[in-house]
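Colleague: I'm new to this one and would like to go through its charged side chains. Can you show me what we're talking about?

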Amino acid sequence: MPTGLSVRHAMLWRWVPAMATRPAAADGLGTTTVVYGPEEFLSERAVSAVRDMVRNADPEADVRELNAEELGPGSVLEMTSPSLFATTRCVIVRRLESLPPDALEPLLGYLAAPDPDVALVLQQSPGSTATAVVTRLRKAGAREVRAARLSGRDLKEWTAQEIRAAGASAAADAVEALIEGVGTNVRALASAVSQLVADLGERLTVPLVRRYYGGQAETKGYSVADAALYGRTSLAIERLRWALAAGVDPVLVTSAMASGLRALAVVRGHDAPGVPAAELALAAGVPSWKLGTLRKQGAAWSDRGLAAAIAATAKADADVKGAGVDRMWACERLVIAVLRARALS
């Protein structure tokens, strides 16, 4: 593996479990890998790739994770020393940008004589722009994985590599159709490739890609709410999963649902002959053209159902803001609750 490693040329050491042979210990052990760059999905994949290599080389390996701010002058020796239960270790240090100054020199010293039974991964937070520490570590001999934002030709090449790594092939126009349908979010693209190959096999074509993913790139929180308020169960669940896969924050889903329900309640409660459309739209907080949609949606709702849906939305909003454990499941539970509330009389 070259020292200057890019996602474009090396696929971030993607390890496919179905391969016939396991990676040798040398693939991950005895090395220090620095992961940096703004693309969170690719950054996390790089970390996982090293961890998986070590575990494949030694299923009993000791894997430890910590934040860089926890390190001190003596911590580097401590974290790379064999444990009582395993000689092989994988140490993942996150938030590299917060490394204390007095821990850098010991870390550089370790790079000069790394332990052959240790894989050390140093990950800089995707949002960080600090580069001085990364530069010094690279010059000292650390492997480098840059999780860059991908666009244009780089994104097309990465998507084509993703398809090949999954055991399939696709012509250039099929790759372009996939990006057109799914969007440029690499997490969503990786998920789409996995789904397509699992369902369709080894050859992806434009008609097949468009049948699955035509028009999905624009899925947003408000489109999830619209489908749920209409009672379109399959479409609401599909749009939700697409939105989350495309990187839409769960908070945007709950806020869109809250806005939709609030507008629906206002229109149902105040819509009457003689009420100016502009006045009603202003009260509901929507443009005038949206009133027709809200009237159609509201026809199937009862006061009891609206109250139940609003309560479910309040709970989901709290869950995605920290009260719950799984933010994505909170959104899915919300959509199901709203669909059920619509059926209440």
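Colleague: What makes glutamate 65 and arginine 51 a salt bridge?

Modeller: Their closest N and O atoms are 3.1 Å apart. A salt bridge is a side-chain nitrogen of Lys or Arg within 4 Å of a carboxyl oxygen of Asp or Glu, so the pair qualifies. Bear in mind that this is a predicted model, where local features need pLDDT of at least 70 and side-chain atom pairs count only at pLDDT 80 or more, while totals for chains, interfaces and linings use all residues. Residues are numbered from 1 along each chain as its sequence is written, and side-chain values use heavy atoms, leaving out hydrogens and water.

Colleague: Which parts does the bridge between glutamate 65 and arginine 51 tie together?

Modeller: Glutamate 65 lies in strand S3 (residues 62-67) and arginine 51 in helix H2 (residues 40-57), so parts 14 residues apart in sequence are tied together. Helices (H or I, at least four residues) and strands (E, at least two) are DSSP runs, numbered from the N terminus.

Colleague: Why is arginine 51 called buried?

Modeller: Its relative accessible area is 13%, and buried means under 20%, with exposed over 50% and partly exposed in between (1.4 Å probe, protein chains only). Glutamate 65, at 42%, therefore counts as partly exposed.

Colleague: Which residues join Arg51 and Glu65 in a network of salt bridges?

Modeller: Glu44 and Arg94 are linked with them.

Colleague: What does aspartate 62 pair with?

Modeller: Aspartate 62 forms a salt bridge with arginine 89, the closest N and O atoms being 3.2 Å apart. Arginine 89 is buried at 6% relative accessibility, whereas aspartate 62 is partly exposed at 23%.

Colleague: How do you know that arginine 327 and aspartate 249 meet in a salt bridge?

Modeller: The N to O distance is 2.8 Å. They sit 78 residues apart: arginine 327 in helix H16 (residues 327-342), aspartate 249 in the loop between helix H11 (233-245) and helix H12 (250-270). Both are partly exposed, arginine 327 at 33% and aspartate 249 at 32%.

Colleague: How many salt bridges does the structure hold?

Modeller: There are 17.

Colleague: What makes you say that the charged end of arginine 232 sits over the ring of tyrosine 230?

Modeller: That charged end is 4.1 Å from the ring's centre. The rule asks for NZ of Lys or CZ of Arg within 6 Å of the ring centre and within 35 degrees of the ring normal.
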